[in-house]
Amino acid sequence: MKKLILAAATLCSSATYAASNVVVVTIDGLRWQEVFSGADSKLIEHKDFVKEPAQLKQAFWDESAQTRREKLMPFLWQTIAKQGVVVGNRALGSKMSVANDWYFSYPGYNEILTGQADPEIDSNALENNKNVTFLEWLNNKPEYGQKLAAFGSWDAFPYIFNEQRSGLYVNATFDSYHIQPQSAEMALLNELQAQTPSPWQNVRTDSFTYRFAKDYLTHIQPKAMVISLGETDDFAHEGHYDRYLHATKRSDAYLEDLWHTIQSIPGYRNNTTLLIVTDHGRGYNADDWQHHASKKAVSGYMKKLSHFQQGIIGADEIWMAAIGPDIKPLGELKAHKEFKQDQIASTALTILGENPQQFNPQAGKAIKEIIKL
């Protein structure tokens, strides 16, 4: 009898989840301010950041913050917020922050993917990550078939995922895409990528990243993958608020197309969770919105920003969203305890039915407040 009771208790304590697949999408440096309030009144007509303010206002402005945010990210607010959850509106007391000490990209992506901030990752240098990402850990489990992959626009991703050690398929920067059988569309995209100059030396435009990732998702059908979009951060660094807003709206359109694609594939329909997060925040004002760095960072690696003696205030403030069969339809989460970036990996693993403690005992705990148990 004791054995039967113990077995029953074990079964009851082990949650079962509907999602067999997880896709994590990161949108680099997209501020929570735009996500939750739309275009910023301090920036949308600023002569230093906007070339055609009348056109930009026509596209994105309204006196209502709710209308502005729906103009900017219609899919997020009309679908994800209604069927899933959105976290990080500090105006409502909903807080999410990074756990690392630096507030810029490589430390942020390491934290997202490994579940733990690493104080030794203190730059964006192209060095292989000594830490194991949750994708690498899963890729070594037979049931995942070594099909897991990551797609990104930035040239640091092969190093962040440690492509050499992990065995993951990582397609980033200006990598061609040669997954077989190759469609005529993918062959053409390879040609266009080679022939189309990027605005940046080490970052490609997100249109190539997304379309290559979509093809991989459709034809290889991995149980988990990461797609990292980057234009928002790059346009912000250049001080192009207009292009930053347009990149945000394109990112939202990619999310919509991705979700519709997922629902169109029998292997993914109604058993796939989409997690969306950013790697860092940005400043609040016209003099600092372009930047992100902690007080510790501006005294070292980010010393070009040393005139911001306290670092960039707000650069640690991030947000996330989620939709899928295991996500509670909580909508826009209001005042709650503060969540951390290091909880994303464990959240993804928990939804997949994996034990995060076996992956990394030091990883942040899964955000179970948003998961159906």
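**Figure 1. Helix 13 and the lining of the largest cavity.** In this predicted model, helix 13 (241-264) contributes four residues to the lining of the largest cavity, the most of any contributor. Helices (H or I, at least four residues) and strands (E, at least two) are DSSP runs, numbered from the N terminus. A cavity is a set of points, on a 1 Å grid over the protein atoms alone, where a 1.4 Å probe fits but cannot get out; lining residues have an atom within 4 Å of a point. Grid points are joined across faces, edges and corners, and a volume is the space filled by probe spheres set on the points. By this rule there is one cavity of 30 Å³ or more, and the volume of the largest cavity is about 40 Å³. Its lining consists of Val-25, Tyr-210, Ile-227, Leu-229, Ser-251, Tyr-254, Leu-255 and Leu-258. Strand 6 (224-229), like helix 13, supplies at least two of the lining residues. By class, seven lining residues are nonpolar, one is polar and none is charged. Here Ala, Val, Leu, Ile, Met, Phe, Trp, Tyr, Cys and Pro count as nonpolar, Asp, Glu, Lys and Arg as charged, and the others, Gly among them, as polar.

**Figure 2. Helix 5 against helix 13.** The axes of helix 5 (residues 74-83) and helix 13 come within 8 Å and cross at roughly 40°. Helix 5 is therefore oblique to helix 13. Axes are lines fitted to C-alpha atoms, for helices over the stretch in contact, and angles run from 0 to 180 degrees between N-to-C directions. Angles under 35 degrees count as roughly parallel, over 145 as roughly antiparallel, 65 to 115 as roughly perpendicular and the rest as oblique. Pro-74, Phe-75 and Leu-76 of helix 5 are in contact with Asp-252, Leu-255, Glu-256 and Trp-259 of helix 13, where contact means heavy atoms within 4.5 Å. Five residues of this contact are nonpolar, none is polar and two are charged. Leu-255 also belongs to the lining of the largest cavity.

**Figure 3. Helix 3 against helix 4.** Helix 3 (residues 53-60) packs on helix 4 (residues 65-72) at an angle of about 100°, and their axes lie 8 Å apart. The two helices are therefore roughly perpendicular to each other. From helix 3, Gln-58, Ala-59 and Phe-60 meet Arg-68, Lys-71 and Leu-72 of helix 4. Three residues of this contact are nonpolar, one is polar and two are charged.

**Figure 4. The largest pocket.** A pocket is an open set of grid points with protein on both sides within 12 Å along at least five of seven lines. The largest pocket holds about 450 Å³ of space. Of the 20 residues in its lining, Asn-124, Asp-233, Asp-234, His-237 and His-292 lie nearest the centre. Helix 12 (residues 231-237) gives the most to this lining, with three residues. The lining divides into seven nonpolar, seven polar and six charged residues.

Figure 5. Most residues other than glycine have a negative phi, and most peptide bonds are trans. The peptide bond from Gln-180 to Pro-181 is cis, with omega near -5°; Pro-181 is placed in the loop between strand 5 (169-172) and helix 10 (184-195). Tyr-103 has a positive phi, near 70°, and is found in the loop between strand 3 (96-97) and helix 6 (105-114). Gln-146, which is not a glycine, has a positive phi of about 50°; this residue lies in the loop between helix 7 (134-139) and strand 4 (149-152).

**Figure 6. Confidence along the chain.** The average pLDDT (the predictor's confidence in each residue, from 0 to 100) is 95 for the chain, and 95% of the residues score at least 70. Over residues 1-14 the pLDDT is below 50, and this stretch has zero contacts in the model beyond near neighbours in sequence. Local features need pLDDT of at least 70 and side-chain atom pairs count only at pLDDT 80 or more, whereas totals for chains, interfaces and linings use all residues. Residues are numbered from 1 along each chain as its sequence is written, and side-chain values use heavy atoms, with hydrogens and water left out.
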